[in-house]
Amino acid sequence: MKRNLMTIVIGAVLIVIFALLLFVFQVRRSEVAVVTTFGKPTRNLTEPGAYGKWPWPVEKVYKFDQRVQNFEDRFSQNLTADNNNLLVMVYVGWKISDAKAFFPKFAGGSTVAAQNMLESMLRSAKSAVVGRHPLADFVNADAKQLKFDAIESEIEQAVQSQLQTNNCGIEIAFLGIKKLGLPENVTETVFQRMTSERQILISQFQYEGEAEAQKIKSAADRQAAETIANADAAATRIRGEGEAAAARVLPVFQQNPELANFLLRISALQQSLNQRATLIFDERTPPFDLFQHLPTNAPSR
Amino acid sequence: MERNVQKNGLVNLVAAVMIFIAAFVVTSYVHSLAGQACAIFLGLGVLVAFAGWFQMRLEENERLEKLEFEELARARGETTLFAAKDAEIFPAQRARAQFEKFFVPGLGVLLFLLEAGAAWLLWRWISKADNGIVSDRAMKSLSLFGILALLLFLLGRFSVTIARLENHRLLRPSASFLLAGAYICFVTALGIAGTRAEFPRVDFYVARALCLLLGLMAAEMLLTLLLEIYRPRLKGKIARPIYDSRLVGLLAQPESLFTTAAQALDYQFGFKVSDTWFFQLLQQNLPVLLLAQLAVLFLSTGVVFIDAGEQAVLERFGRPVGVLEPGAHLKLPWPADRIYLYHTDQIQIFDVGFTPDAQSEQAKTILWSVSHTKEENFLVGNREPVAIKNENADTNDTLKAPPVSLITVSIPVQFQITNVLAWAYTNAEPANLLQDLATREVVHYLAGVDLNDVMSHTRLEAAQELRSQIQAVVDEYHLGAKIIFVGLQDIHPPVKVAGDYEKVVGAEQTKLAKILDAQAMAIRTNALAGAQAFTTTNVADATRQRLTVSAFAHAALFTNQIPAFEAAPSVYRQRAYFRAFADATAGARKYILLVTNTQDVMIFDLEDKIREDLLNLNVPSSPNNSSP
């Protein structure tokens, strides 16, 4: 009896759980649900809570995330209005605005299918909008010339209008350019140009340095020559002053010109013999004339 | 009766083969993951059914052989022959013994390998495979699996009942496989039905569960093989076939859980474990214990612990009813209340412009010219566009380089969740959106600045501006996050042209070096010139002084010489002459000719002689041309 009661309790609990799973479902705040009865949409639930339903195959519940969902398209090449190739990638935030309209259009409400459709629309709109703008609207050293916001707005409007026309139950919450780039061969030319610009700067620095150094050296040489010339002039002037001072005592020598001349010659003789000299005298030159009366060792004849 | 057992075994084998083929065809038709696992299980059942039937035949042959021998012995009145040459006289008995000794363990090993391999391969394959049930074939395949389940159930139930009879033990393995196969076919049908209904992952989960079952069967088979080695061999005790899985038996007859467990323990230990009080107690109260366990599990979902640094959104039937702070909280049990955890206090980081590379990040030095992460190139403005000739182009046309430059940036962005409800419910992937928004702001900012500006003087402003711009868009989209830090930590030209930028810096330094050299030389030249000028003027000053002083001295001397001269002019003159002569010629070389013959011609060689020591200098020989 006890075993039977236990079996009944366990069976009842299992039946209750099974029945709850079959007859009740929850909708989260982040979700929106569509209930179909024999395939026909009968309820659109946007408020969170627990709801009852008839089990499959009578009623079937489709739940969708009603929050904004993100995806980014591929980094695709486009031609700008001034014939520049530009790679652009955009990200899109989209949400299900009307679940009842959304789920039959995308194979039971497949978000992947919806994103595939969005991507094709997006690529078309992106190419069209990029083609209307020059490259300078995307990249410009003067930030005021950029038209980023306008370009994004144009792409968003183009996609939005297509979605509304087709009544897909989707709306675009936001759209932005995530990445800009250049094709590989164009990137190479940009690299070459950047290299050339650097080369110009290198040459500029190199020759500016040499020119500056040369100027400095020339100025220094000129200044040195000037200094030496001034010094030479001053020296000449000083020596002249010395000569003038020395000349003031000449009248003293005029008292006895004979003695003065004699002394000058003596002085000249002394100065001229200061250097290394070889002198040859004969016996008549004083004081060697003393040798005249000395006996010599000349050989006898 | 024995003949009937063999027939039952054969029927089981044939049924197992046919149903295996049917299940395989149906699962290939509908592409069911669970069906694949079910077909593998049924295939293993075919092997087991074959082994059971074959062993039945051997035992039947042995029984007939014994009957014939006993008949013959009675007719001859001899009894010693049987005892003497047992193996030679009873070939069927020997064949059965050999079968049990070698074939059965071999089959056990084979089953282990098949079960383990199938579990592992199937698990991996299921993980990679999409749920590809063909929806329009689901109903047909569901019905077919239902029919297969029904057939297997009827046949399996019948076989299980017969297998309980004495001497029908070899029918039990195949009967268990057939009955368990019935349940597995039923579960597979449920998986297909779930996919057809609103539970598309049911087929996947059923397949996973069947993989686990195969894995458990493999583990059981391995354990059985190991235990078989140590099992006590009691005389007269009939061995249980290794391929008779207790797990499959339990699956086929869950109500026999305790019977199976008791049999296993009794069989393994050699005494009646099932008679002990603990086993009896467990057998009587198991449902209560299981129910209590389930109740505890259910009630445990009513308590939640939030760790430090986390917040949780509490939902009641899908409706958010509050935010739980760190600590212990009570809530309604699952499925009424559910919580969703978020790391709100934790500073989270994502990177813009680069993908961290663990290997490159180990480098101690970061250079522009060496790639240290997986870097992206961003477009930046260029004030002075130059058209250059593309040397690599196939044509000779000049490719126009667009008036842009490329730059590489590494920008880590740190953020914190400040409003967990906004973070949870505004966007499906808020972290990804935040990264998209930050990247967009970086692209936008860089597109409007000059390369050289952003690399130099506007760098700090750029980081601050980016932070404020990213925060502004985060607020605009109500993401509930706060941008803590935006670092412009690495901003430089792409690696391919970074070397040229470094050369510019080098050239600038060279320029400065040349200027500094010239300035040093100018300082030297001017200093030397100044010194030379100073010397010149000083020498002139000295000369002037000497001339002046000397003139006055000579004048004074002359004044004093006049009286002496006037007193004895010739003597004074002669004295002065000889003094001067002696002083002047003291250092001179003098030749004095005492002429005795005035007609002699004397030749003097006044050429300076080279010093003898200079002539005798020894020139050291070079090491290269040294000669002996």
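**Figure 1. The pairing of B:E310 with B:H343 in a sheet of chain B.** In this predicted model, residue B:E310 stands opposite B:H343, which belongs to strand β5(B). The two strands concerned, β2 (residues 310–316) of chain B and β5(B), pair in the antiparallel sense over seven bridges. They belong to an open sheet of three strands with the order β3-β2-β5 in chain B, where the pairing is antiparallel. Strands β3 and β5 (337–343) of chain B form the edges, each pairing on one side only. On average, and with direction ignored, neighbouring strands of this sheet are turned by 25° against each other. Strands of a sheet pair through backbone hydrogen bonds, either parallel or antiparallel.

**Figure 2. A three-stranded open sheet in chain A.** In chain A, three strands form an open sheet in the order β3-β2-β5, and their pairing is antiparallel. Strands β3 (40–45) and β5 (59–65) of chain A stand at the edges with a single partner strand each, so one side of each has no neighbour in the sheet. From one strand to the next, the twist averages 25°. Strand β2 (residues 31–37) of chain A is joined to β3(A) by five bridges, and these two strands run antiparallel. Within this pairing, A:T37 has A:K40 of β3(A) as its bridge partner.

**Figure 3. Strand pairing between chain A and chain B.** Strand β10 (residues 278–282) of chain A and strand β13(B) are joined by five bridges and run parallel. The bridge partner of A:T278 in β13(B) is B:R589. None of the five residues of β13(B) is buried, so this strand lies largely in the open.

Figure 4. Helix α5 (residues 184–247) of chain A and helix α16 (residues 495–567) of chain B have axes that come within 8 Å and cross at roughly 0°. The helices α5(A) and α16(B) are therefore roughly parallel to each other. The residues of their contact comprise 32 nonpolar, 19 polar and 19 charged.

**Figure 5. The side of chain B that touches chain A.** The contact between the chains takes 105 residues from chain A and 104 residues from chain B. On the side of chain B, several elements each supply at least two residues, including helices α11 (277–300), α13 (430–447) and α17 (569–584) and strands β3 (319–324), β9 (377–381), β10 (404–417) and β13 (589–593). Helix α16(B) provides the largest share of this side, with 43 residues. Divided by class, the side of chain B that touches chain A holds 54 nonpolar, 29 polar and 21 charged residues.

**Figure 6. Helix α7 of chain B and its surroundings.** Helix α7 (residues 172–196) of chain B consists of 25 residues. From its first C-alpha to its last, α7(B) reaches 36 Å, close to the 36 Å expected at 1.5 Å a residue. Of the 25 residues of α7(B), 20 are buried, so the helix is largely enclosed by the rest of the structure.

Key
Residues are numbered from 1 along each chain as its sequence is written. Chains are lettered from A and ligands numbered from 1 in the order in which they are written. This is a predicted model: local features need pLDDT of at least 70, side-chain atom pairs count only at pLDDT 80 or more; totals for chains, interfaces and linings use all residues. Axes are lines fitted to C-alpha atoms, for helices over the stretch in contact, and angles run from 0 to 180 degrees between N-to-C directions. Helices (H or I, at least four residues) and strands (E, at least two) are DSSP runs, numbered from the N terminus. Angles under 35 degrees count as roughly parallel, over 145 as roughly antiparallel, 65 to 115 as roughly perpendicular and the rest as oblique. Ala, Val, Leu, Ile, Met, Phe, Trp, Tyr, Cys and Pro count as nonpolar, Asp, Glu, Lys and Arg as charged, and the others, Gly among them, as polar. Two residues are in contact if their C-beta atoms, placed from the backbone, lie within 7 Å. Two strands pair if DSSP finds at least two bridges between them. The expected span of a helix is 1.5 Å times one less than its number of residues. A residue is buried if 20 or more other C-beta atoms lie within 10 Å of its own, exposed if 12 or fewer, and partly exposed in between; C-beta atoms are placed from the backbone.
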